[in-house]
Amino acid sequence: MHIMEGFLPPLHAAAWGAASVPFLIMGSRRIKRILKEHPETRLLLGASAAFSFVLSALKLPSVTGSSSHPTGTGLGALLFGPSVMAVLGAIVLLFQALLLAHGGLSTLGANLFAMGVAGPYVAYGVHRLMTRLGSKGSIAIFSATALGCLATYVVTAIQLGLAFPDPVGGSAGSILTFLSIFALTQIPLAITEGVLTVMVMNFLLEYSRDELNDLKRFSKRSKREVTA
Amino acid sequence: MKRTNVMLLFVVVMMTLLPLVLPSLKGSEFAGADGQAQAMITTIDSNYQPWFEPLWEPPGGETETLLFALQAALGAGFLGYYIGLKRGAAQQDKGRKHHETD
C-alpha cells in the first residue's frame, strides 16, 4: 500500500497529510495520558509497535500471483485505541521511507491515512460492533483486524484513483483498477494478519491480564469524559 | 492457548505456502503490488513525472533486503523479549505461590 515517493500530485499529497495531522495529535495526546496513568503498559505499547514493524516488513505471496504485506495495525488499535496507531504507524512509515525508499516523505500523509488511520479505525469499529452484537473473543478480533488490514489497501486504491482518473472511466474506473491490484491480493494476507493477531491476543489474555484490565479501565474512563 | 496457537500458526504457514505451490501460479514471480500500482499510474497518465525523489535509496537489492530483514528483526526481537519477560514473570509467580503453600 505504499505510494512511492513523488507519486501523488502535490495537492493530493498535501490534502492527505492535512487529513492525517489531527489523528497524529489525538494519538500522541492519548499515548501521553496512557503512559502517565498506566506506565506499566509501556512495554505492551512497544510490543504493539513491534508487531506492526514485523508484519509490514513481510512481503507475503498471495493467490493473485503478486506479493504484498500485512500492516499489523489492528492489534494496537484494539488494545490502545485507534488514534494511537496513527503515531505508531507514522514511526513504521518513516523508517521505511527514510531507510528503504519504500513509500516516501511526500506521500507520508496519504500512506499514514491508509495505514495509521483508516485501517485502525475500521478494525476498532468492527470490533466494537461485533462485541455489541454478542460476538465474543477470537471471531471478533479476527474479523476486525482482517477487515482493518483490507481497509488500508482499499483506501490506498481510492487515493490513487482520485489522483489518477482514468481517461475513459474517470476516478471510479481508476479506483476499480487499483482495487483489482491491491484489494484482491490483500484478501488472503488480511486473513493471515487476522489469525496472527488472534494468536498474540491469546498470549496476552493469558500473560498480560493486568495490562489489558488497565487499558480497559482507561478507555471506559476517557469515554465517560467525552460524553460528560 | 498453546494448542490453539500451534493450530493457528499452521493455518498461517499453509496460507503463505499455498500460493507458492498452486499449479495455476507456476512461474509467477510474485511481484510487489506496490510496483504494479506504480506501473498502472504510468499507464493511465504516461506524462506523469514524480515531483519528489527519495532523499536516500538503498544502493541495490542486497542492501534493501538487509534493511527489510533489519526491520523484521527489530520487531520480532522486541516481541520475543516481551513474550519471554511475561512468561518468566508468570513462572516466578507460580513458583512463589507453590512455595507459600508448601
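Me: How many residues does chain B bring to the contact with chain A?
Reply: This is a predicted model: local features need pLDDT of at least 70, side-chain atom pairs count only at pLDDT 80 or more, and totals for chains, interfaces and linings use all residues. Contact means heavy atoms within 4.5 Å. Chain A takes part with 65 residues. Chain B brings 54 residues.

Me: What area is buried between the two chains, B and A?
Reply: Buried area is the accessible area (1.4 Å probe) that two parts lose on being put together, summed over both. Carbon and sulfur atoms give 76% of it here. The total is about 5,200 Å².

Me: Which three residues supply more of chain B's buried area against chain A than any other three?
Reply: Residues are numbered from 1 along each chain as its sequence is written, chains are lettered from A and ligands numbered from 1 in the order written, and side-chain values use heavy atoms, leaving out hydrogens and water. The three supply 13% of the area that chain B buries. They are Asp34(B), Gln71(B) and Tyr82(B).

Me: In what pattern do the helices and strand of chain B follow one another?
Reply: Helices (H or I, at least four residues) and strands (E, at least two) are DSSP runs, numbered from the N terminus. Chain B has three helices and one strand. Along the sequence, the pattern is α-β-α-α.

Me: What is the radius of gyration of chain B?
Reply: This radius is taken over C-alpha atoms, and the globule rule is 2.2 Å times the number of residues to the power 0.38. A compact globule of 102 residues would come near 13 Å. The C-alpha atoms of chain B fill a box of roughly 80 × 40 × 25 Å along the principal axes. Its radius of gyration is 23 Å.
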